[in-house]
Each structure stands twice: as structure tokens, then as C-alpha cells.
Amino acid sequence: SDARLLEIRIMAYGDNQKLLLARDVTRLRQLEQMRRDFVANVSHELKTPLTVLQGYLEIMSMMPAQDEKQVQAMTDQTLRMKGLVDQLLTLSKIEVSTEVDPARRIAMGLLLEQVAEEARAVSAGRHTISVEIDPALDMFGDELQIRSACANLVQNAVNYTPEGGQIRVSWRHREGVGRFEVQDSGEGIAPEHLPRLTERFYRVDRARSRQTGGSGLGLAIVKHALNHHNSHLEIQSVPGEGSTFGFSIPSNLISAQQPARA
Ligand code: ADP
């Protein structure tokens, strides 16, 4: 249709004077939409060839007289690319979802235990990962988004904490809101990086992050997921000592009743 989208700004100046500015953002919004669709399509299309590659590599690795190192290197890179594509898909899904259905109850205790279990698998005994949960505290929202947010934060804690480190995950009441925190004893982040950390592909140390297999999309996913739940990411960090990533879920999206039984 030829409906136009206008962005209106009203500015006050002088003695009760007002200035109204209108900008036609139709084209801008169309371009944004096209970019999001493109990313979603590309990630989706990449999934199939990657799965095929992975399958053949698995077969190759079982055949005799193979150069094991080469097959292993190809397998690692394929897995990395698959991780990146998965993250891209998650981000584009979360970016386009406008409203969150507030009626869906999320069993946070179960979700966080699963998230911690996955993190323990990645850590493979190199870190102590503890979870402290108020079992009666659930929240309402989009389970996939909240799971992605929590999983990315806990995985990061594992990725950026040296061997022997401590990681604490907590979810409890604090002054009327639901408070999630993951605290690590890792390398920490210098203050100048903090404002840009949730930008797509922003990393403090590119080489280091590549080693951990990171995509640079994790915190962008967290940011969008939390925005949809009237929340935002808070980061506290002391270089060389560790970081705490946290968010608060407002009172209208939490429940203090007994968790629903499946
Ligand atoms: P990546 O896939 O590179 O981990 P993220 O978006 O999840 O991407 O994080 C962006 C960057 O923020 C990381 O590359 C890393 O430099 C920094 N970062 C995230 N979490 C932590 C943490 N717990 N401790 C130290 N640095 C972190």
C-alpha cells in the first residue's frame, strides 16, 4: 500500500512555542525489514548444507586411512559454523517477535537447572558451577527467549573464566522483582568496553573469542530477549577479578506461587 510511516518529534522552545518535525521513515523501516528477512533466510539456507557436511565428516572419521587431524579440523569448523548459524537464526527470530505472550508461565527452577547442566558439560569439570534458586519463583514470558538469554550468560561465564574458577547462578526475589544473576571469577571486562558489549559481533578480544567458539551474537540475543520482557542487562565487572551479569524481571511478570506441576 502507499501508507507512509512518519516519525514525529515535538520540540518546545522560547515562550511556549512548539516546533513539530515530521520525518518520513517508510523506506528506512522497509530496509530494516529487508535486512532482517535476509539474515533469517540466509541462516535458514545455510543450515541444510552444513548438516550434510557434518554427516559426511562423521562417515569419513570412521573410515580407515584418513588423516585424522584434517577430518577433526573440518569437523570443528563445521560445528563452529553451525553454532554461528544457530545464533543468527535465534537473533533474527527474537528481533522480529514484537510482543511476548504474557500468559506463558516459565518454570524457572527447571530451566536454570538445565542451563547449568549444559554449562557443566561445556566446562567439563574445569569450573565450579553452583545454582541458587527460589523454587517458588516463576516468571511469565517467552520461554525460548528467556532460555537463550540465561544460557548465553552462563555459557559466557564458562568461556571467559579460567580453569578452577567459580560461577554462581541465582534467581530470587529482590525488592518486589525477580532477580537473575550470574557471577564469575573470570578475566573481567575493562569499563570502556561495557557500553558496546551487546552490539552484534562486538568482542573485547577477537582472537580469544574465536578460540572459545563464540559468535559475538550472544549478548545481542540477550539484549533483545530482555527488552521483550521489560528488562535490560546490567553488567558489573572488575578486570582480573570477574564479572556479574544480571537482570530484573518486573513484578507483573513474576509469580511467587508454587511452580506448576507438569
Ligand atoms: P561471544 O560469542 O564472543 O562470547 P557475546 O556477545 O556473548 O559474544 O559476548 C561479547 C563479548 O563480551 C565477548 O567476546 C567477550 O569479550 C565479552 N564477555 C562476555 N561475557 C563475558 C564474561 N563473563 N567475562 C568476560 N568477558 C565477557
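Contact, in what follows, means heavy atoms within 4.5 Å. With that in hand, take Ser248, which sits in strand 9. Setting aside neighbours within four places in sequence, Ser248 is in contact with Val177, Gly178, Arg179, Ser231 and Glu234. One more thing to keep in mind is that this is a predicted model.

Ser248 also gives a sense of distance. Between Ser248 and Ile129 there are 119 residues in sequence, and from C-alpha to C-alpha they are 21 Å apart in space.

Now the pairs, going across. Strand 4, residues 128-133, and strand 6, residues 166-174, pair in the parallel sense, with six bridges. Ile129, the residue I used for the distance, has Ile167 in strand 6 as its bridge partner.

Ser170 has its bridge partner in strand 7, namely Glu181. Strands 6 and 7 form a hairpin, with two residues between them. In that turn, Glu175 has a positive phi of about 45 degrees.

At the other end of the order, strand 8 and strand 9 pair in the antiparallel sense over five bridges.

Helix 3 and helix 4 pack at an angle of about 35 degrees, and their axes are 9 Å apart. The crossing of helix 3 past helix 4 is right-handed. On the helix 3 side, the contact includes Met108, Leu111, Leu112 and Val115. On the helix 4 side, Ile146, Cys150, Ala151 and Val154 are among the residues that make it. By class, this contact has eleven nonpolar, three polar and three charged residues.

The other one is helix 6. Helix 4, residues 143-159, and helix 6, residues 218-227, pack at an angle of about 145 degrees, with 9 Å between their axes. Helix 4 passes helix 6 in a left-handed crossing. From helix 4 the contact takes Gln145, Ser148, Ala149, Asn152, Leu153 and Asn156, and from helix 6 it takes Gly218, Leu219, Ile221, Val222, Ala225 and Leu226. Sorted by class, that is seven nonpolar, five polar and no charged residues.

That brings me to the largest pocket. Its volume is about 1,200 Å³. How many residues line the largest pocket? There are 48, and those that lie nearest its centre are Gln87, Asn152, Gln155, Asn156 and Gly218. Asn152, Asn156 and Gly218 also belong to the contact between helix 4 and helix 6.

The elements that give two or more residues to this lining are helix 2 (68-96), helix 3 (108-123), helix 4, helix 5 (206-211), helix 6 and strand 9 (242-249). Helix 4 gives the most, with ten residues. By class, the lining has 15 nonpolar, 20 polar and 13 charged residues.

Strand 3 and strand 5, residues 138-140, pair over two bridges in the antiparallel sense. Ile106 stands opposite Met139 of strand 5.

Last, a residue from helix 1. Gln54 lies in that helix, which covers residues 26-62. Apart from neighbours within four places in sequence, Gln54 is in contact with Thr78, Leu79 and Lys82. Gln54 and Leu110 are 56 residues apart along the chain, and their C-alpha atoms are separated by 31 Å.

Definitions and conventions
Residues numbered from 1 in each chain as written. Predicted model: local features only at pLDDT ≥ 70, side-chain atom pairs only at ≥ 80, totals over all residues. Heavy atoms only, no water. Axes fitted to C-alpha atoms, helices over the stretch in contact; angles between N-to-C directions. Helix = DSSP H or I, 4+ residues; strand = E, 2+ residues; numbered from the N terminus. Left-handed = near helix turned anticlockwise from the far one by under 90°. Nonpolar A, V, L, I, M, F, W, Y, C, P; charged D, E, K, R; others polar. 1 Å grid on protein atoms, 1.4 Å probe; cavity = no way out; pocket = protein on both sides within 12 Å on 5 of 7 lines; lining within 4 Å. Points joined across faces, edges and corners; volume = space filled by probe spheres on them. Pairing = 2+ DSSP bridges.
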